[in-house]
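Me: I have a structure open and would like to go through it with you. Could you take my questions one at a time?

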Amino acid sequence: MANVAVVLGLNYGDEGKGKVSTFLASKSDIALRCTGGNNAGHTVEFKGDKIVFHLIPSGILNENTEAVIGNGVVIDPKVLFEEIQVLQEHNIDLNKLHISTRAHLIFPYHIQEDKLFEDLKEDDKVGTTARGIGPCYMDKADRIGLRVIDMYNPTFEKKLRRNIKNKNKIFALYNYPILDEEEIVKQYLTYRDMMKPYVIDTVAYLHKALEENKNIVCEGAQATGLDMDLGDYPMVTSSNPTIGGIQTGSGIGARYLNEVYGVCKAYASRVGEGPFITEQNNEIGDTIRELGHEYGATTKRPRRCGWMDLVALKYAVNVNGVTALALNHLDTIGKLGKAKLCVGYQLDGKVYDEYSDDIIGRENEVVPVYEEFDTNFAIEKEISYNNLPIDAKRYIERIEKHLGVPVKFIGTGPDNEDTIIR
Ligand code: IMP
């Protein structure tokens, strides 16, 4: 049977999914993105250069791996063609890139709406990446979104003009700049022609690949904490980065998803607003940020840092049906000397060792229950689990005990090769 491996973030994004995806893609026929858009970002070292991916699955860097942007992705064509250009400069074969007919398009009005809608939230801003992701998914749900396939329909220009006019009425109402209708139409008619060679029915393509027993890796974007249904609503993204989004965003049936890798770090981080129970808004958090280089790949924003939260992670493992973990940045906590794992939440005198809805809206009142570990070790370039220092193993085994799944990948340094595969 075909093997479909899914790589998902278990916290708030930026767990280092790219590292695991890149490794799995080297053994896969197809690398696939299913959700989100260019709010995601990861950097891959390629022949001495750094390539930043926001939309195209990084697996395309492997000579024999095809890349698919699935129907659940929202595509900003400007960003897409910037990425294509970088790949062309590196002589990557772009005949291997396939874009879904059903993927929705981001337009300049979505980007401006992202700013406007954040402004209107007053004290409840989400802290979005301002890439137009939320407004594009809003239009999709409102059934006025325009998909890749719609560009090739004679009604495209009429629908696009209608949308721009309606959006401009909203912008006028709030004294936001009026967008140039002619310019946008011209731009997207050009994108239409540029995109044509890549556009296919990716659902049918993937079904055929499954029939042919091909190996597929799904590169998840964002993470469980940011899931619109299962994350910290409303401080979330506007899609489903959990396992369900992989199915609806690709058309691959549940029974094929046989390996689910949950990715997390040996500490935790978050960008943007929202609850973060184990956050260390202090010197420890600052040290983790510097040691772990915790600055956004997409927005360069400094990330909030804190301790690993096993209660939230257990929830994420259950929600996604995780079969194995990838634990990144073990080397980073090895530089801290001591590290803590949150193993429970204390609220109203009660200790929760599993996630509970009781804490919703009261995250700031939760007192984390920590266990402290000695983490004074240097493990860079280590490739064998058996050779790891006892303190590193103790930390990993405590995580496995709480989460009930094995740690299969261990990140020991920034490069892709700095990984122990167990
Ligand atoms: P949006 O996806 O731009 O609407 O942003 C919604 C929230 O998700 C914000 O808190 C963002 O910082 C966060 N977010 C979106 N994409 C990512 C990501 O790839 N990594 C980390 N945080 C993200």
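Reply: What follows is a short exchange about this model, which is a predicted one.

Me: Let us begin with the whole chain. How many helices and strands are there?

Reply: The protein chain holds twelve helices and 20 strands.

Me: And what box do the C-alpha atoms fill?

Reply: Taken along the principal axes, the box is roughly 65 × 50 × 40 Å.

Me: How does the radius of gyration stand against that of a compact globule?

Reply: The two agree: for 422 residues a compact globule would be near 22 Å, and the protein chain has 22 Å.

Me: What percentage of the residues counts as buried?

Reply: Of the 422 residues, 56% count as buried. The accessible surface of the chain comes to about 18,400 Å², and carbon and sulfur atoms account for 49% of that surface.

Me: Among contacts between residues at least 6 apart in sequence, what share joins residues at least 24 apart?

Reply: That share is 75% in the protein chain.

Me: Now to the helices. How do α3 and α4 cross?

Reply: Helix α3 covers residues 108-120 and helix α4 covers residues 133-142. Their axes come within 7 Å and cross at roughly 110°. An angle of 65 to 115 degrees counts as roughly perpendicular, and α3 and α4 are therefore roughly perpendicular to each other.

Me: Which residues meet there?

Reply: From α3 they are Tyr109, His110, Glu113, Asp114 and Phe117; from α4 they are Ile133, Pro135, Cys136, Met138 and Asp139. The residues of this contact divide into six nonpolar, one polar and three charged.

Me: Where is Asn38 placed, and is Asn38 buried or exposed?

Reply: Asn38 is in the loop between β2 (30-33) and β3 (42-46). Its relative accessible area is 4%, under the 20% limit, so Asn38 is buried.

Me: Changing topic, what about the backbone? Where is the peptide bond that is cis?

Reply: The bond from Tyr233 to Pro234 is cis, with omega near 10°. Pro234 lies in the loop between β10 (215-223) and α8 (243-248).

Me: Which residue other than glycine has a positive phi near 75°?

Reply: That is Lys381, which lies in the loop between β18 (367-375) and α12 (390-403). Lys381 is exposed, with a relative accessible area of 58%.

Me: What is phi for Arg143, and where does that residue lie?

Reply: Arg143 is not a glycine either, and its phi is positive, about 65°. The residue lies in the loop between α4 and α5 (156-173). Arg143 counts as exposed because its relative accessibility is 71%, and exposed means over 50%.

Me: One last residue. Where is Ala209, and what does it touch?

Reply: Ala209 is in helix α7, residues 202-211, and is buried, with a relative accessible area of 4%. Not counting residues up to four places away in sequence, Ala209 touches Ile30, Lys214 and Ile216.

Me: How far is Ala209 from Arg33, in sequence and in space?

Reply: Ala209 and Arg33 are 176 residues apart in sequence and 15 Å apart in space, C-alpha to C-alpha.

Notes: Residues are numbered from 1 along each chain as its sequence is written. This is a predicted model: local features need pLDDT of at least 70, side-chain atom pairs count only at pLDDT 80 or more; totals for chains, interfaces and linings use all residues. Side-chain values use heavy atoms; hydrogens and water are left out. Axes are lines fitted to C-alpha atoms, for helices over the stretch in contact, and angles run from 0 to 180 degrees between N-to-C directions. Helices (H or I, at least four residues) and strands (E, at least two) are DSSP runs, numbered from the N terminus. Angles under 35 degrees count as roughly parallel, over 145 as roughly antiparallel, 65 to 115 as roughly perpendicular and the rest as oblique. Contact means heavy atoms within 4.5 Å. Ala, Val, Leu, Ile, Met, Phe, Trp, Tyr, Cys and Pro count as nonpolar, Asp, Glu, Lys and Arg as charged, and the others, Gly among them, as polar. The radius of gyration is taken over C-alpha atoms; the globule rule is 2.2 Å times the number of residues to the power 0.38. Buried means under 20% relative accessible area, exposed over 50%, partly exposed in between (1.4 Å probe, protein chains only). Accessible areas come from the Shrake-Rupley method with a 1.4 Å probe; for residues, only the protein chains shown count as cover.
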